[in-house]
Amino acid sequence: MDIKKVYNSKSVEEVIDILGEYGEKAKVIAGGTDIVIALNNNAIEPELLIDISKLEELKGIKVDKEFITIGSATTFTEIVESEIIDNNLYGLHKACKMVGSPQIRNKGTIGGNIANGSPAADSVPPLIALGGIVTLKSIEGTREVLLEDYYYNPIKEKELLLNIKFERPKDNQILTFAKLGLRKALAISRLTLSSFIEFDDNNTISFIRVASGALAKFPMREKELEDYLLGKILEKEIIEGAIEALRNSMDERLKGRSTLPYKRIAISTILREILEEALAFEEGVKAW
Amino acid sequence: MVDISITVNDKLYKISINENMRLIDVLRDELGLIGTKEGCGEGECGACTVIMDGEIVNSCLVMGFQADGSSIVTIEGLEREGDLHPVQRAYIEAGAVQCGFCIPGMVLSTKALLDKNPNPSDEEIREGISGNLCRCTGYNKMLEATKKAMEYIKGE
Ligand SMILES: Cc1cc2nc3c(=O)[nH]c(=O)nc-3n(C[C@H](O)[C@H](O)[C@H](O)COP(=O)(O)OP(=O)(O)OC[C@H]3O[C@@H](n4cnc5c(N)ncnc54)[C@H](O)[C@@H]3O)c2cc1C
Ligand code: FES
Ligand code: FES
């Protein structure tokens, strides 16, 4: 580490100005749970560090008529303890609760999870399934990007991730999540799935988004699976068919990879879990 | 160098630290509080756990300057006028301490858990110390120690 200057920033404006002036020499630090390891190993060597973890402007969860907005510096613990991120949004609660350890959840932030860009970032599949929109700001201006498209045009060196927002779920919509890790407490997840499903009055799936983590270079929508499930009623054979649909996409995407045989088997467990949770919701039972 | 003021174990320190220091370096090298241990240095083991503004954190993953204005409790801060904290006493009595390397962090995680939730279930206790690895005990002794500590604290 060879850091020459550090800032306990006072406002978003100040952070944007410093990033604008110093560019690649400056790095933002939030919870530090990814970046301090990288700094300590000299994997990155910024000259300036800007702490944003105490910026009120970037913290907390806000609800308005249309959207729920989560500030980038909101910690996993704050999300887990929030009453807003519950019920129909249970999948996001579950994802955040399964991150690392209590110590990691107390510090790690949702903005850091997205900005760090890991294919295994646990909060990202549920946020993609929700149709999440990320807001990024720099001295050049502000841009909004769908989280599912974000990875094709990720954060630039002068940008600060302000928040992520998504539409408030309706009563007939449910977000679910499942993760297969090596060990519950600390394994960085190897496989995750999240589905956002709307049921119509006849229990038919009238809207669906499914997102996966660690099934590709970055978390992504699983469109083939969505196409298969749309318009169907969640019955036993349909769940089995869904597993085959997802396996088809994986076979194409992961052809020749040594992890494919394992992932083909493992995926059935977590796909069944998210669909059964959705089904339980549709039947009026809380699965949790 | 950067000036910070931090309260550690109820004592206010105004010090000048190197920008590259992590919180664990500040505690051990600047303040001489070597009860906080460094195991992995990567957030995995919890040996470096301290309580920061009421919540447990890995002090190997916090930069020193980020702790400016914060209040920290380390293992040295638990004793009460020469007596052990009930959690410390319970750990010793339950035989939960073997080599001892994990214990400062483990005890602080247990204390923070009981501060928030005086009646945790077994599952909540295991979850509360899930970020603290122990090579020696197998964790059942920690569970036992935590239950003892719950009783001591209630009796106070
Ligand atoms: C032991 C351990 C276990 C873990 N387990 C999990 C797990 O189970 N699941 C999981 O998903 N992750 C896990 N992680 C990874 C990590 O905790 C998460 O990715 C966390 O969300 C990172 O957030 P942070 O605030 O700590 O980021 P930081 O480390 O502070 O920053 C990470 C990166 O994002 C940038 N950044 C942060 N915030 C912003 C912002 N607002 N705008 C622009 N750039 C920003 C930083 O510059 C840096 O490059 C684990 C890490 C450890 C050490
Ligand atoms: S030394 Fe900090 S978690 Fe291991
Ligand atoms: S007592 Fe030895 S590591 Fe826990």
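This is a predicted model: local features need pLDDT of at least 70, side-chain atom pairs count only at pLDDT 80 or more; totals for chains, interfaces and linings use all residues.
Local features need pLDDT of at least 70 and side-chain atom pairs count only at pLDDT 80 or more, whereas totals for chains, interfaces and linings use all residues. Residues are numbered from 1 along each chain as its sequence is written, chains are lettered from A in the order in which they are written, and side-chain values use heavy atoms, with hydrogens and water left out.

**View 1. The two domains of chain B.** The domain assignment, which is automatic or taken from a database, divides chain B into domain 1 (2-77) and domain 2 (86-155). Their C-alpha centres lie 21 Å apart, and the contact (heavy atoms within 4.5 Å) takes 17 residues from domain 1 and 14 residues from domain 2. Together the domains bury about 1200 Å², 66% of it on carbon and sulfur atoms; buried area here is the accessible area (1.4 Å probe) that two parts lose on being put together, summed over both. On the side of domain 1, Ile51(B), Ile56(B) and Ile75(B) lose the most area to domain 2, together 38% of what that side buries.

View 2. One salt bridge (a side-chain nitrogen of Lys or Arg within 4 Å of a carboxyl oxygen of Asp or Glu) is counted between domain 1 and domain 2 of chain B. Glu55(B) and Lys116(B) meet in a salt bridge through their side chains, at 3.5 Å from N to O. Strand S3 (49-52) and strand S4 (55-58) of chain B, strands being DSSP runs of E with at least two residues, each supply at least two residues of the side of domain 1 that touches domain 2. The largest share of that side, three residues, comes from S3(B).

**View 3. The interface of chain B and chain A.** The contact takes 30 residues from chain B and 35 residues from chain A, and the two chains bury about 2400 Å² between them, 54% of it on carbon and sulfur atoms. In chain B, the residues that lose the most area to chain A are Leu61(B), Phe65(B) and Gln66(B), together 26% of what that side buries.

**View 4. The salt bridge between the chains.** The rule finds one salt bridge across the interface of chain B and chain A. Arg105(A) forms a salt bridge with Glu127(B), with the closest N and O atoms 2.5 Å apart.

Key. Helices (H or I, at least four residues) and strands (E, at least two) are DSSP runs, numbered from the N terminus.
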